[in-house]
Amino acid sequence: MPEPYDVITMGRIGVDLYPLDIGVPLARVETFGKFLGGSPTNVAVAAARLGRRTAVITRTGRDAFGEYLHQELRGFGVDDRWVTEVEEYPTPVTFCEIFPPDDFPLHFYRQPKAPDLEIHPPELDLDAVRDARIFWMTGTGLSAEPSRAATLAALQARSASARSGSARSESPAPEFRTATVFDLDWRPMFWDGGDHSSVAPARYREALAHATVAVGNIDECEIATGEREPHAAARALLAAGVELAVVKQGPKGVLAVHRDGSTADVEPLPVEVVNGLGAGDAFGGALCHGLLAGWDIARIMRYANAAGAIVASRIACSSAMPFPDEVERALAEGAVTEAIAAGPSGAAS
């Protein structure tokens, strides 16, 4: 049998068009950079940068932007075999505005429907999903059919495999770890009813029953659990079925609570923020890396915080994902310095 992937992610993909002018409203921006985008896709890129074998399950339009995304995935070392085309819908484009340190409005162009919401259950390679050491899905994938049914089919395949004990236990420890990660990823504009969606909480609870790790910020945890206080939210996520709850708190750091009683409350790494978008995806890729390595949760959270902070110091998302030596350097120096922010080439990423 082929070697299983370290990480398979499933969900959004698109083209990010980010202004190269900082602090300028979108209406006045004249120059943009073009980047691979989409949260779960960026997570796959982030994990690949850290040396993991990754793939993404998603769909693009049959257009030039779709071709560009395939080129970028291959360039980042992410397997694109399960990135297929949809004839009817164009590849999504996302614009942002950059107002450091904490205002980065996003403008999604995913109409009439994004191709990544057209993933159908029969198209899934469930053997690969079952065998992957980590499977990563997002809340957006639950927002519409057939993506919702496909996402749940993948989750159910994972949980059924775990119950039957069919995971590849012959792989050597400590490098072999498995996890099914639910990135809560609350984007109200993708849901009927927006912030007041009546179906989102129930769909989140359904997915949580099959996940082993949940990751989200305070707003996302509230959608999933009804709780905003970090410790209460973590306890509610554990009660919903996961083994590890990760509650991101922005400038207050991150809280991680495991079902075994271990807890980590980690402060953020100091950084001069340029663009906060993508920091959570770098955090996710580093979280996968640490889980696969079998680190304790405090070490994982420190490492993931550092990876996220590095991306926050750069304009781009996918191309800004850090390499292991950059993360280790940031941890050693206790901050993201100008030299780290500049990247390996010495130029801002």
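Across the whole structure, a search finds ten aromatic pairs, where rings of Phe, Tyr and Trp (its six-membered ring) pair if their centres lie within 6.5 Å, and planes under 30 degrees apart count as stacked, over 60 as edge-to-face and the rest as tilted. This is a predicted model, in which local features need pLDDT of at least 70 and side-chain atom pairs count only at pLDDT 80 or more, while totals for chains, interfaces and linings use all residues. Residues are numbered from 1 along each chain as its sequence is written, and side-chain values use heavy atoms, with hydrogens and water left out.

Look at Tyr-5 and Trp-82: their ring centres are 5.5 Å apart and their planes lie at 65°, so this pair is edge-to-face. Tyr-5 is buried at 6% relative accessibility, and Trp-82 is buried at 15%; buried means under 20% relative accessible area, exposed over 50% and partly exposed in between (1.4 Å probe, protein chains only).

Another pair, Trp-191 and Tyr-204, is tilted, with 6.0 Å from centre to centre and 45° between the planes. Both Trp-191 and Tyr-204 are buried, and together with Phe-182 and Trp-186 they form one aromatic cluster.

Charges meet rings too. The charged end of Arg-110 sits over the ring of Phe-190, 4.5 Å from its centre, and that of Arg-299 sits over the ring of Trp-295, 4.0 Å from its centre. Here, NZ of Lys or CZ of Arg must be within 6 Å of the ring centre and within 35 degrees of the ring normal.
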